[in-house]
Amino acid sequence: LTGPIHAVEFEGLSRVKPIDLPLSDLACQPFVPLTQKSLSHDQELLYCSGYFQEVSAQAQTTKNRIVVLFKVKENPTIQSIRLRGIHEFSEKEILKMLSSKPSEPLNFVKLNADKETLTAFYHKKGYSLFKVLNISMTSQNVLVLSCMEGEIEKVIFTGLKYVRPFAVEREMFQQKGTVFNS
């Protein structure tokens with residue numbers, strides 16, 4: 001197909017709002033010539049928005065007018081968020097800082113930002129061993145963030161000749177079973 005695009009349409013949008021999509025960044029716009037490169041670019045751009053499991057693009061001619069149709073399959077809606085391995089801060093405090101929220105569509109871009117935000121928060125508070133281990137979605141659409149705060153498993157002393165380990169241990173802030181905080 002050659003010629004200018006008459007319209008750009010979407011099929012499969014139900015929970016994702018058009019205002020949340022990078023529509024102004026699409027190469028396929030009305031009155032702009034259609035190219036395979038622009039179709040591929042826009043397909044990737046929409047997929048990288050984080051809202052969709054699948055995105056396909058096709059151009060159709062209707063009444064001598066070119067219409068670009070993007071067929072999308074949205075990610076599921078988050079029903080709730082569960083935190084695993086979080087003990088040093090309240091769940092309420094952690095959930096408040098996340099951009100992913102229940103009743104909103106899962107977005108992988110937001111999810112990655114949430115992972116970075118959570119890690120930066122813990123590191124800023126001195127918990128340098130904190131790590132998000134896994135992010136998953138259950139069949140009931142519960143978003144699960146599994147984390148490791150950095151619990152101390154064992155404290156080993158070397159070079160003690162005249163002092164017993166328990167005498168040093170009782171003076172230490174960091175103990176076995178506590179979360180390491182620098």
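This is a predicted model: local features need pLDDT of at least 70, side-chain atom pairs count only at pLDDT 80 or more; totals for chains, interfaces and linings use all residues.

Modeller: A disulfide is counted here when a pair of cysteine sulfur atoms lies within 2.5 Å.

Colleague: How far is the sulfur of Cys48 from the closest cysteine sulfur?
Modeller: The closest cysteine sulfur to that of Cys48 belongs to Cys28. A disulfide needs the two sulfur atoms within 2.5 Å. The separation is too far for a bond, at 16 Å.

Colleague: How many disulfides does the count come to?
Modeller: A disulfide is a covalent bond between the sulfur atoms of two cysteines. Seen from Cys28, the closest cysteine sulfur is in Cys48, and at 16 Å it is too far for a bond. By the distance rule, the number of disulfides is zero.

Colleague: Is Cys28 buried or exposed?
Modeller: The cut-off for buried is a relative accessible area under 20%. Cys48, with 46%, is partly exposed. Cys28 has a relative accessible area of 1%, so Cys28 is buried.

Colleague: What pattern does the protein follow along the sequence?
Modeller: The protein has four helices and six strands. Read along the sequence, they give β-α-β-β-β-α-α-β-β-α.

Colleague: What radius of gyration does the protein have?
Modeller: A compact globule of 182 residues would have a value near 16 Å. The C-alpha atoms of the protein fill a box of roughly 95 × 30 × 20 Å along the principal axes. The radius of gyration of the protein is 25 Å.

Colleague: What share of the residues is buried?
Modeller: The protein exposes about 11700 Å², and carbon and sulfur atoms supply 53% of that area. A residue counts as buried under 20% relative accessible area. Of the 182 residues, the buried share is 32%.

Colleague: Which residue is the bridge partner of Ala57?
Modeller: S2 and S3 pair in the antiparallel sense over 10 bridges. The partner of Ala57 lies in S3 and is Phe70.

Colleague: What is the phi of Lys63?
Modeller: Lys63 sits in the loop between S2 (52-62) and S3 (65-74). With a relative accessible area of 77%, Lys63 is exposed. Its phi is positive although the residue is not a glycine, at a value near 55°.

Colleague: Where is Ser103, another residue with a positive phi?
Modeller: Ser103 is not a glycine, and its phi is about 75°. At 63% relative accessible area, Ser103 is exposed. Its place is the loop between helix H2 (91-97) and H3.

Colleague: Which strands stand at the edges of the open sheet with S4 in it?
Modeller: The order of its three strands is S4-S6-S5, with mixed pairing. Two of them have a single partner strand each, so one side of each lacks a neighbour in the sheet. The edge strands are S4 and S5 (131-137).

Colleague: Which helix packs on that sheet, touching S5 and S6?
Modeller: S5 and S6 (residues 142-148) pair in the antiparallel sense over six bridges. Within this pair, Lys131 stands opposite Met148 in S6. The helix that packs on the sheet covers residues 108-124 and makes about 150° with the direction of S5; it is H3.

Colleague: What separates the C-alpha atoms of Ser80 and Lys101?
Modeller: Ser80 lies in S4 (residues 80-84), and at 30% relative accessibility Ser80 counts as partly exposed. Beyond its neighbours within four places in sequence, Ser80 is in contact with Pro102, Asn141, Val142 and Leu143. Ser80 and Lys101 are 21 residues apart along the chain, and their C-alpha atoms are separated by 7.6 Å.

How values were computed:
Residues are numbered from 1 along each chain as its sequence is written. Side-chain values use heavy atoms; hydrogens and water are left out. Helices (H or I, at least four residues) and strands (E, at least two) are DSSP runs, numbered from the N terminus. Buried means under 20% relative accessible area, exposed over 50%, partly exposed in between (1.4 Å probe, protein chains only). Contact means heavy atoms within 4.5 Å. Two strands pair if DSSP finds at least two bridges between them. Axes are lines fitted to C-alpha atoms, for helices over the stretch in contact, and angles run from 0 to 180 degrees between N-to-C directions. The radius of gyration is taken over C-alpha atoms; the globule rule is 2.2 Å times the number of residues to the power 0.38. Accessible areas come from the Shrake-Rupley method with a 1.4 Å probe; for residues, only the protein chains shown count as cover.
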